Amino acid sequence: MHSSSSSPKPATWSEDGRASHHPLLFTDTAEFVGMKVGEWFAFYVLDRLVSKVFSYFSGRCDLLKGVEDMLRDVEDRLPRIRAVIDAAEGMPVRDPALAKWIAELKGAAYAADDVVDEFEFRELHDRLHQRGKVGELSSSAHKLLAHFTFSDEDLIKSLKNLVENLDKIYADIGHRELKLDQYRKDKKEATAACRETSSFMLADKVFGRDKETQMMLDLLLSAGEPADGGGATTCSSAAGAAAVLVLPFFRSAGAWGIADPRFIDISLDEALVKVTDATRNERSYGTVEPIELKCLEDYDYWELFEHYAFGDQDQLDGSKRKRLQLIGREISKKLHGLPLAGKVLGTLLQSEQEEGYWRSISESEWWKQELALDSILPSLGLSYQHLTTNQKQCFAYTSIFPRVYEFEKEQLVHMWIAQGFIQFDSDQRTRPEDSGNRMFDELANRHFFFPTMHNKFVMHDLIRDLAVYVSLDECYVVNEWPVKFPATVHHLTLNTDNLDVLRDVPKFQRLRSIIFFREYDSSELDEILEGILKNLKSLRVLDLSHSGIQIKKLPDAICDLSHLRYLDISCTGIRQFPKQFSRLCHLQVLNLQRCRFKKIPEGMNRLINMRHLYAGAETIALIDGIGRLTDLQELEEFRITRKRGHRIGELKGLRYLRRRLVIQNLESVETREEAMEADLKNKEYLNALCLNRKPDVKGHCDLEEQMFEGLEPHYSLKELTIRHYGGATLPNWLAKKQHLTNLESVYLSNCARCASLPPLGQLPFLKVLHISMMPAVKRIGVEFYGDADQVFPSLEDLRFTDLKEWKNGKSGLTQKTEQPYEDPDLKSLSFFTSDDIPFNNVWITLGTARSLRCIILQNCDHLACFKVEQEEWFQKLISLEELSFLKCRNLQSLPTSLVTFSSIKMLSIGLCPEIRSLPENGLPASLKSLYIWGCPLLKERCVKEQGLDWQLIAHVPYIFIDGEPVQNL
């Protein structure tokens, strides 16, 4: 092993972190075969093959006897195969013969995976056949599946061919074991301390970059001055340049060690606006210089590296920390000041703070000259090597996506599952999606992914280079033509508009993934796609969503893809499925978003492995008997009808539904017993539930109340919406004190007959409460807050809208106190919006509400001026930051106490035509933004430098009147 003193001479590094082709650092890449990934998959599949075949033929002695000897041979060979796999996994393989042998083993494993799929498909057929015996499956479905199902003889023949191929590979295993002895020896010390650990996401800090950060902030946070002293002129080219300039900065800021709070609190849109303001005139646009991010200086770099290697917690004794710091400095010097390398490797070291482990990293063979890889940082290779075998495969698969691709976590996890990289838990206690999410999070915590500002993720170019390198024989992205595909490619992305490439794709019959990333002429693509699907029988993932193709119908050949698990045709012009689409019994994910289907083929409910169906409500409503898809995890909307296969009872078997469920047309449910068939009470994974009926259908009040009693949800529900409810009182399950205690949001609207509100004040975690369009509610009394000691202890957002009959006298949320406005009972409330009826006695309704940060008063038609009690209540709002008066058509004056608000930052006055002037004593000194529109009298008094009220607002930095900027200090 090389120590730090014998490490190679430093290379020359460019700004983007790439090493130049230094003759001392890099060897001829032709001598280097590559770094293999996915060998674990071979062992996993072969092991699963043995158990699956034994299980399938158990109890059938006539057939089992013929395959038992073959299976025993495979089973006996698995330990030696695993030993070879363990030795080669994640290590540089420099011997061509060994690399070829490993590729052949993986090829056999992929073939074995197809055989396992065939056995599983036969089991699915048997399950559907059992349904047919009880009248749930049509005769046409039996014929369809029988045509598509492999016979026992076919299965045995496939198994025999596979075992013969394995025999040939296994015959050479002795030679491979000798070759791998040295690999095993080199790997042993490097991985002795390595075990599956958890990394910890640390809050980013700024290390160095003072000059670059200041330059960028000056550009982002300042407005440009006109060069000629006149008015600023809008320059579209400058705005475009601003976008070009700021986007790469935001994307690379995390990788380069920049994490200033001023960037954290600003959205990308806001940043672009600020840059546009800074580049409004031609002259300033012409002088914008690029900001070059260079490597960090030694002191700053060590500070960054130490932060990620030791974390925020100081749990090490002094002597141990000093020893680790010495080793850490040796490692830090090898990283050439690159922030990405420091973050990645520092995070790896933090997972195991033991001296031996750190020393093994410092002396790893990755630092050796003869093992240096072209364009791959040794630090990234080391971090990759210390991933688990499963993580390596999942990471390698990301190379199928083009450079600068924005990853959606859920989409990528679904693809991993479709490929078998995430195994299903046999006892079903853990969803594969949960395991995949943890896998993704672990990779993100190790900085293999960086989050964007809109809940997606990007991959640094250097990280992607590593993914490409470790998957050279597996994944390929075609960007240009001509190109030579690796013969072993299994995952292909087509990012070229050359149709000759597509015509060659059918030659690669081992493909398991195809993603289209270009738009193609539909007249030609239809024929080409048909040819592709006819030949690629092993396909697991097919994604057309990026192609925007406008073919009307999916090719019939897709129905023969028995292994297909993931199909995404969203955002395409496809409007029709083949009639035999329901053959695809292995399909797990089907994305039909933004597709307009008018008809769905019979038997869609036979896709019994479906877990994720993404489609609009109109499309979902076309599926008969959707309740048979019992593994469904999401159902955006369910529309009830009296037609068989569309009644509310279809929801009964969908017990794994998650996220949000909207149930429409509840007027079609007649009784409580029928409503209970939905079994909402046992849907423990639902987060949000919306119950809605058509507004123009009148039902019997008592019957509707009884029906709603049967819709009681699980106690874990967090969000509840009820619309167009026709009963006089809301369901009793909403009033139970210890039932829906996990509710965080409640929305009640258009409940025309409902005269009272349930005791929502006793919900301990309720944060959002919106009540609107409930004309029968005349008062809020003691029943609203229940008998809790603390009323609405977590409430943050309260909105009352269109409660026309509300006559709130001396009763309210604070009835128990003699002087309710003195008691700050709503300690968490930060947002309040209301029309004029609830606001009449707002001090009774809310109490002091010292935590209020935002108030919106809208449609207050009866409000002309503020009463003394209201003025006094306003003065107690010590946290108020935003205040809005909207559509208050008779309001003539604002509260005179506004000037005393020391915390207010934004004031909005819109569509209040009768306001004649601002308060004579002025506006608060803390005000930063003032927006006025639809107030002609007030507008005239606020003309800059001339209006009678201008001196009252001259101190406000940002003033906008009728959408036009008046002042921008």
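I'll start with strand β20, residues 854–858, which is mostly covered: of its 5 residues, 4 are buried. Before going further, note that this is a predicted model.

β20 has a neighbour in strand β19, residues 831–834, and the two pair in the parallel sense over 4 bridges. As an example of that pairing, T833 has I856 in β20 as its bridge partner. β20 is also joined to strand β21, residues 882–886, by 5 bridges, and these two strands run parallel as well. Here L857 stands opposite F885 in β21.

Next, the open sheet. It has 7 strands in the order β5-β6-β7-β8-β9-β10-β11, with parallel pairing. Which strands stand at the edges? They are β5, residues 475–478, and β11, residues 612–614; each has a single partner strand, so one side of each is left without a neighbour in the sheet. Ignoring direction, neighbouring strands of this sheet are turned by 5 degrees against each other on average.

Within that sheet, take β6, residues 491–494, and β7, residues 513–516: they run parallel and are joined by 4 bridges. L494 stands opposite F516 in β7.

Staying with the strands for a moment, the loop between β8, at 541–543, and β9, at 566–568, contains D556. Leaving aside residues up to four places away in sequence, D556 touches E530 and P578. E530 is 26 residues from D556 along the chain, and their C-alpha atoms are separated by 7.6 Å.

Last, a pair of helices. Helix α12, residues 298–310, packs with helix α13, residues 318–333, at an angle of about 125 degrees, and the axes are 11 Å apart. That angle makes α12 oblique to α13, because the roughly perpendicular range ends at 115 degrees and roughly antiparallel begins over 145. The crossing of α12 and α13 is right-handed.

Which residues meet there? From α12 they are Y301, W302, F305, E306 and F310, and from α13 they are R321, L324, Q325, G328, R329, I331 and S332. Sorted by class, this contact has 6 nonpolar residues, 3 polar and 3 charged.

To recap the parts with paired strands: β20 pairs in the parallel sense with β19 and runs parallel to β21, while the open sheet of 7 strands has parallel pairing too.

Technical notes. Residues are numbered from 1 along each chain as its sequence is written. This is a predicted model: local features need pLDDT of at least 70, side-chain atom pairs count only at pLDDT 80 or more; totals for chains, interfaces and linings use all residues. Side-chain values use heavy atoms; hydrogens and water are left out. Contact means heavy atoms within 4.5 Å. Axes are lines fitted to C-alpha atoms, for helices over the stretch in contact, and angles run from 0 to 180 degrees between N-to-C directions. Angles under 35 degrees count as roughly parallel, over 145 as roughly antiparallel, 65 to 115 as roughly perpendicular and the rest as oblique. A crossing is left-handed if the near helix is turned anticlockwise from the far one by less than a right angle, and right-handed if clockwise. Ala, Val, Leu, Ile, Met, Phe, Trp, Tyr, Cys and Pro count as nonpolar, Asp, Glu, Lys and Arg as charged, and the others, Gly among them, as polar. Buried means under 20% relative accessible area, exposed over 50%, partly exposed in between (1.4 Å probe, protein chains only). Two strands pair if DSSP finds at least two bridges between them.
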